[in-house]
Amino acid sequence: MYLMKSCGNKLIRVAISLCLLSGVTAAVFGQDKPKEEKSKETKPAKAASPVMPLPDRVGPMLPGFRRMRQNDGETTEKSIAVDPSASIRICVLNGRLRINGWERDEVRVFVKNGSRIGVRVLEKSEDSGKPVWLLISNLAAAPPAAGQMSECISGDTIEMDVPVKSSLTISGRTTQTMVDSVRKVFVKNVEGNISLRNISGGITAATYQGDVSVENSSGAISLESGTGNIVAYEVNPGGIGDLFKAKTNSGAISMQKVQHRQIESNSITGSVLFSGKFLSGGLYNFKTSNGSIRLLVPKDTSCTITASYGFGEFNSAVPLKYLYNNKIERAKNLGAVIGSGDSTVKLTTSSGSIAINYQ
């Protein structure tokens, strides 16, 4: 009995000592477990950064946010009633652009796998109240004042139907542009071919890299390419004195059935071909720095020719009446008359041949 009481007293004293030691250790090193758990429960969790969606339409941006391209890769379509003689402006970053004239007083725009379409009315007709000047733009683009994003659209295919009496102003970066049956066209590309048909009121077309072709059109016409060919077929003046002008730095120029009385064609490196009739009183200037010049004319042709050429030959299957024919090394020139000499034709090449033949 005494032994059991003694052992119990010793166990009690050991337990008390362990409790006291645990309290001292916690006080010194701050590892009070209950307090630590309480601290973790009351500590606020770090909040996640909010996700702010960008606006779908044009609007003010919040500080610290950057406007980014939205909605690319969609297929969309939009139409708007317009004045039949509306002027339409569009800018295309890249894609295949096809524009067709129709009899409706309406503009329809379709974009496949590209930007969402926005239409901005710039001016309305005082008579009809319908839009007479409008801009086709990227719906996600910033307003011009923001200057953070282009208004140009892009897509795999961009198609437009516009009134046949409308005028178009087109600018592009990398586009294949085709326009058919409108009144007037101004188009300028950085890269890509331009094809125009049935334009009734005049054309200005330029591309720095690509071909330019015009068919069955009329009015004052100016065609230019940096590195590409120019082809004109069945084009006519729309008024007295309308000029046809074609220029390329590296490419050929082909003119068939061009009825303008004023023609200026210039290729730095490339051939020049004219197949048609020289009209009475007309002024024709065909020039190339490095290439040949070939004329195909009808049997009733009447013109006065002046030709200058360096390296190359002058040949004519058409009977000529020479006014002068000087042949000096690297500087040859001549003057001649076909028929009664009713029009004036100037031919110039630095390195290349000149040939005149019947059609």
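1. Start with Ser-265, which is buried at 3% relative accessibility (buried means under 20% relative accessible area, exposed over 50%, and partly exposed in between, using a 1.4 Å probe and protein chains only). Ser-265 sits in strand E16, residues 262-269. Helices here are DSSP runs of H or I with at least four residues, strands are runs of E with at least two, and both are numbered from the N terminus. Leaving out residues up to four places away in sequence, Ser-265 touches Ala-246, Ile-253, Met-255, Val-272, Asn-285, Phe-286 and Lys-287. A contact here means heavy atoms within 4.5 Å.

2. A word on what you're looking at. This is a predicted model, where local features need pLDDT of at least 70 and side-chain atom pairs count only at pLDDT 80 or more, while totals for chains, interfaces and linings use all residues. Residues are numbered from 1 along each chain as its sequence is written, and side-chain values use heavy atoms, with hydrogens and water left out.

3. Now the overall picture. The protein's secondary structure comes to two helices and 25 strands. Of its 359 residues, 38% count as buried. Take the contacts with a separation of 6 or more: 46% of them are between residues 24 or more positions apart. The protein exposes about 20000 Å², and carbon and sulfur atoms supply 53% of that; the areas come from the Shrake-Rupley method with a 1.4 Å probe, and for residues only the protein chains shown count as cover.

4. Next, some strand pairing (two strands pair if DSSP finds at least two bridges between them). Strand E7, residues 167-182, runs parallel to strand E9, residues 194-199, with five bridges. Within that pairing, Thr-177 stands opposite Ile-194 of E9. E9 also pairs in the parallel sense with strand E11, residues 212-218, over four bridges. Here Arg-197 has Glu-215 in E11 as its bridge partner.

5. How many salt bridges does the structure hold? There are nine, a salt bridge being a side-chain nitrogen of Lys or Arg within 4 Å of a carboxyl oxygen of Asp or Glu. One of them joins Arg-108 and Glu-159, whose closest N and O atoms are 4.0 Å apart. Arg-108 is in strand E3 (residues 106-114) and Glu-159 in strand E6 (residues 153-163), so this pair ties together parts 51 residues apart in sequence. Is Arg-108 buried or exposed? Buried, with a relative accessible area of 17%, whereas Glu-159 is partly exposed at 26%.

6. Arg-108 also bridges to Asp-161, with the closest N and O atoms 2.9 Å apart. Since Arg-108 lies in E3 and Asp-161 in E6, the pair ties together parts that are 53 residues apart in sequence. Asp-161 counts as buried, at 12% relative accessibility.

7. Another salt bridge links Asp-300 with Lys-277, the closest N and O atoms being 3.6 Å apart. This one connects distant parts of the chain, 23 residues apart: Asp-300 is in the loop between strands E19 (293-297) and E20 (303-311), and Lys-277 in the loop between E17 (272-275) and E18 (283-290). Lys-277 is partly exposed, at 37% relative accessible area. Elsewhere, salt bridges with shared partners join Glu-77, Arg-108, Glu-159 and Asp-161 into one network.

8. Finally, have a look at Asp-127, in the loop between strand E4 (117-124) and strand E5 (131-138). Asp-127 is exposed, with a relative accessible area of 78%. Asp-127 and Asp-83 are 44 residues apart in sequence, and their C-alpha atoms are 9.7 Å apart in space.
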